[in-house]
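The following exercises concern the architecture of one protein chain.

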Amino acid sequence: MGLFGLFREKKMPKKGPKRDLPPEVSKVVEILRDVKDPETDLNIVDEGLLYGLTVKGNNVDLFLLMARSTPECHFCQMLAINVQKRILEDCITLLKREGFSRIRIYNELGLLLAEG
């Protein structure tokens, strides 16, 4: 097999959520499917806003893509802030209801957005 044969055999990663997640992570992902983006009415998992999470016992750290506002439009910024606030509140409420005691939500820059 030549050098180019190596590149042809390389498999590309599949798009979408992983199927072989640990049970505790899968549970959180399924809970978050009930959190809807008020702008699109899509759940945050399928919409691609959830890009990472860790679960340690009853503690959950979520990583969400939340940068979607237009800097030049103050009205758009206000809408984006309200949408973000609703998503964060819904995440915390649903996870608390399912028995998780500490939830921290970070944005794509690693900044803490909410804690509950």
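**Exercise 1. Determine what percentage of the residues in the chain is buried, and describe the overall make-up of the chain.**

Step 1. Of the 116 residues in the chain, 29% are buried, where buried means under 20% relative accessible area, exposed means over 50%, and partly exposed lies in between (1.4 Å probe, protein chains only). The model is a predicted one, in which local features need pLDDT of at least 70 and side-chain atom pairs count only at pLDDT 80 or more, while totals for chains, interfaces and linings use all residues. Residues are numbered from 1 along each chain as its sequence is written, and side-chain values use heavy atoms, with hydrogens and water left out.

Step 2. The accessible surface of the chain is about 8200 Å², and carbon and sulfur atoms hold 56% of this surface; the areas come from the Shrake-Rupley method with a 1.4 Å probe, and for residues only the protein chains shown count as cover.

Step 3. The chain contains four helices and four strands, which are DSSP runs numbered from the N terminus (helices: H or I, at least four residues; strands: E, at least two). Along the sequence they follow the pattern α-α-α-β-β-α-β-β.

Step 4. Among the contacts with a separation of 6 or more, 49% are between residues 24 or more positions apart; a contact means heavy atoms within 4.5 Å.

**Exercise 2. Which residues of helix 2 are buried, and how are they arranged about the helix axis?**

Step 1. The buried residues are Val 25, Val 28, Val 29, Ile 31 and Leu 32.

Step 2. Viewed down the axis of helix 2, these buried residues fall within an arc of 160°, so they line one face of the helix; the arc is that of the directions from the helix axis to the C-beta atoms.

Step 3. Val 28 lies in helix 2 and is counted as buried because its relative accessibility is 0%. Beyond residues up to four places away in sequence, Val 28 touches Leu 53, Val 55, Val 60, Leu 62, Leu 95 and Phe 100.

**Exercise 3. Identify the members of the largest nonpolar core that touch the most other members, and state which elements supply the core.**

Step 1. A nonpolar core is a set of buried Ala, Val, Leu, Ile, Met, Phe, Trp, Tyr and Cys residues joined through side-chain atoms within 4.5 Å. The largest one has 27 residues, of which Val 28, Leu 32, Leu 62, Leu 64, Ile 87, Cys 91 and Leu 95 touch the most other members.

Step 2. At least two residues each come from helix 2 (23-32), helix 3 (44-47), strand 1 (50-56), strand 2 (59-64), helix 4 (74-97) and strand 3 (102-106). Helix 4 gives the most, with seven residues.

Step 3. Not counting residues up to four places away in sequence, the contacts of Leu 62 include Val 28, Leu 32, Cys 91, Leu 95 and Ile 105.

**Exercise 4. Classify Ile 81 and Asp 41 as buried, partly exposed or exposed.**

Step 1. Ile 81 is in helix 4 and counts as partly exposed because its relative accessibility is 49%.

Step 2. Asp 41 lies in the loop between helix 2 and helix 3. Its relative accessible area is 55%, so Asp 41 is exposed. Although Asp 41 is not a glycine, it has a positive phi of about 65°.
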